Amino acid sequence: MTIQIFGLAVARGVAIGRAVLIASSRVDVAHYFISAEQAQPEVDRLLQARDEVTRELSTLQHDLPADAPHELSALLDVHLMLLHDENLVGAASTWVRERHYNAEWALSAQLEVLARQFDEMEDEYLRERKADLEQVTERVLAALARQSGARATRTGTPIAQDFGGEEPLVLVASDIAPADMLQFKRSVFKGFVTDVGGRTSHTAIVARSMDIPAVVGAREGSRLIRQDDWIIIDGDTGVVIVDPPPIVLEEYRFRQRQLQLERERLDRLRHTPAVTLDGQPVEMLANIEMPDDAAVALESGAVGVGLFRSEFLFMNRGHDLPGEDEQFEAYRSAVESMKGLPVTIRTVDIGADKPLERMSLHELRHEHSLNPALGLRAIRWSLAEPAMFRAQLRAILRASAFGQVRILIPMVAHLSEVRLTLEALKRAKQQLSDAGRAFSEVQVGAMIEVPAAAVRIDSFLRHFDFVSIGTNDLIQYTLAIDRADEHVAHLYDPWHPAVLSLIGATISKARAAGKGVSVCGEMAGDPAFTRLLLAMGLRSFSMHPRQIAPVKQAVLRADAQQMSEHLSSILEADDPVQSAQTLLGGPLH
Ligand code: PEP
Ligand code: MG
């Protein structure tokens with residue numbers, strides 16, 4: 001039966017494929033694809049685990065004291081029966097053979113399928129057997145974990161590059177941590193859907209950086225979509241169509257082809273200089289998450305990296321954080337890839353929806369911090385970990401010997417943070433000099449993403465060489481809207497007059513002070529805002545490499561001088577969208 005699910009459109013385009021459901025079950029298991037040759041050994045692992053649990057349960061039953069209640073033995077019978085039901089391990093083996101899931105993933109996927117069937121049962125007694133099924137499955141999973149040779153993969157991290165299947169796959173999950181999203185950069189998934197998340201949650205940002213159609217905040221999505229369902233993800237409207245009829249499928253395939261043609265046309269702009277109609281040159285920089293992305297940035301026509309989110313180097317590694325040398329190699333690699341163009345490395349922005357250790361966002365939100373977006377995040381975290389901070393600063397400084405490096409400090413709100421940061425930098429430089437290590441002069445900039453810094457921008461400008469406006473957080477903190485929370489996503493409004501006036505003032509004051517200013521939040525990569533930002537005087541935009549071509553097209557069609565004449569009217573309007581549409585012309589898509 002066809003159903004439609006509505007969420008938030010976060011990464012444009014259309015994806016069509018079979019759903020791969022990452023279960024949100026209590027049992028946290030590894031998810032990875034195996035190769036075709038590994039299928040039989042993987043099925044054998046499943047069978048061995050089942051046999052081991054059979055022995056376990058039989059021993060338990062055998063050792064029951066004589067006076068144990070009869071129900072206990074009957075329960076073990078039920079467990080043994082469930083264990084040997086073809087619908088469990090047998091069906092899981094089919095996932096292994098046909099979809100190349102690893103054993104743990106196959107088993108938990110099958111548990112999800114069966115659990116839904118149990119939920120729908122009329123008979124209460126049978127419905128309650130779901131708990132038994134879960135217990136049995138957990139036993140098998142535990143047995144799998146004990147097996148020697150079990151592939152050591154971090155839990156919940158799909159590694160998909162070695163998948164040998166034919167059909168396109170799309171990922172459906174309740175939630176995907178930004179760290180796990182990184183894995184998808186090399187994955188086979190053509191799109192994804194999550195139940196939670198907002199338009200500028202880091203999960204959505206990474207999706208956009210991969211240019212993969214995505215819908216987040218689909219609420220019930222992972223409950224309504226079943227393993228292996230055919231689904232269409234419409235990343236432009238935020239609609240997910242499950243089990244579409246052939247005519248709808250055909251329509252979307254047509255749109256897919258149109259989008260592809262449009263993309264190819266835009267790609268031709270890659271190396272065209274970005275200059276407005278009135279001759280104003282505009283700098284198009286790239287946002288990257290990993291050093292490898294630098295090559296993509298260059299290929300997309302970026303003239304530098306405006307934001308290297310260095311925290312992604314720290315994720316997915318448990319307690320084993322990258323030391324100074326490892327970081328240095330990563331930064332050097334990005335710097336060298338950019339062949340002399342500037343690379344702006346942001347010091348770690350750990351916290352909020354980017355937890356350091358692998359823990360669920362739920363845990364982070366509810367157990368570790370009352371309100372992580374307002375907690376120990378970004379520069380606050382770095383200043384609380386001075387040794388780690390200095391190691392990062394030394395690593396960045398050392399990379400500056402290999403190209404143009406700039407340091408960017410996230411989330412500054414207090415001048416005391418500025419002072420401590422600059423002291424840490426001075427000390428890091430001294431340590432390097434004492435050790436005879438080479439480094440060059442680096443420019444230091446601040447992210448303007450907390451309203452306090454935007455309001456008092458003049459004071460901050462005195463201490464920095466440049467500023468970069470993080471609109472994602474600036475909007476979050478100005479409007480008191482958690483950017484990752486789908487329940488308030490409708491209130492997350494980049495067009496809010498208060499937001500626009502903070503951005504406009506920051507740009508004009510930075511320019512008046514002769515300091516560099518760019519925008520590196522998602523607004524910079526959205527062509528709907530290009531004309532407005534040009535009108536505000538912005539000449540440096542930093543965005544995902546894939547956004548460069550569409551934004552460049554908007555720049556090439558804009559007359560910055562003419563637009564700036566309308567700026568004050570737009571900033572004073574109660575409805576800036578309407579006003580911008582009328583005064584700057586064209587639909588703001
Ligand atoms: C921002 O807040 O706009 C920004 C670019 O930083 P991040 O999205 O990584 O918080
Ligand atoms: Mg930010």
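Helix 7 (202-210), strand 10 (305-309) and helix 18 (471-479) each bring at least two residues to the shell around ligand 1, where helices (H or I, at least four residues) and strands (E, at least two) are DSSP runs numbered from the N terminus. Helix 18 contributes the most, with three residues. The model is predicted, so local features need pLDDT of at least 70 and side-chain atom pairs count only at pLDDT 80 or more, while totals for chains, interfaces and linings use all residues. Residues are numbered from 1 along each chain as its sequence is written, chains are lettered from A and ligands numbered from 1 in the order in which they are written, and side-chain values use heavy atoms, with hydrogens and water left out.

Which residues come nearest to ligand 1? Of the 17 around it, they are Arg-309, Arg-346, Gly-470, Asn-472 and Arg-483; a residue counts as near if one of its heavy atoms lies within 4 Å. By class, the shell has eight charged, five polar and four nonpolar residues. Here Asp, Glu, Lys and Arg count as charged, Ala, Val, Leu, Ile, Met, Phe, Trp, Tyr, Cys and Pro as nonpolar, and the others, Gly among them, as polar.

Now look at individual atoms. An N or O atom in the side chain of Arg-309 is 2.7 Å from an oxygen atom of ligand 1, and a polar side-chain atom of Asp-473 lies 2.9 Å from a ligand oxygen atom. From Thr-471, a polar backbone atom is 3.1 Å from an oxygen atom of ligand 1. On its own, ligand 1 has 280 Å² of accessible area, and the protein covers 100% of it (Shrake-Rupley method, 1.4 Å probe).

Let's turn to the helix packing. Helix 1 (residues 39-62) and helix 3 (residues 86-99) pack at about 160°, their axes 9 Å apart; axes are lines fitted to C-alpha atoms over the stretch in contact, and angles run from 0 to 180 degrees between N-to-C directions. Helix 1 and helix 3 are therefore roughly antiparallel, a term for angles over 145 degrees.

Helix 9 (residues 246-267) and helix 21 (residues 548-556) cross at roughly 65°, their axes coming within 9 Å. These two are therefore roughly perpendicular (65 to 115 degrees).

Terms used. A polar contact is a pair of N or O atoms within 3.5 Å; within protein, one must be able to donate a hydrogen and the other to accept it, and residues adjacent in sequence count only if both atoms are side-chain atoms. Angles under 35 degrees count as roughly parallel, over 145 as roughly antiparallel, 65 to 115 as roughly perpendicular and the rest as oblique.
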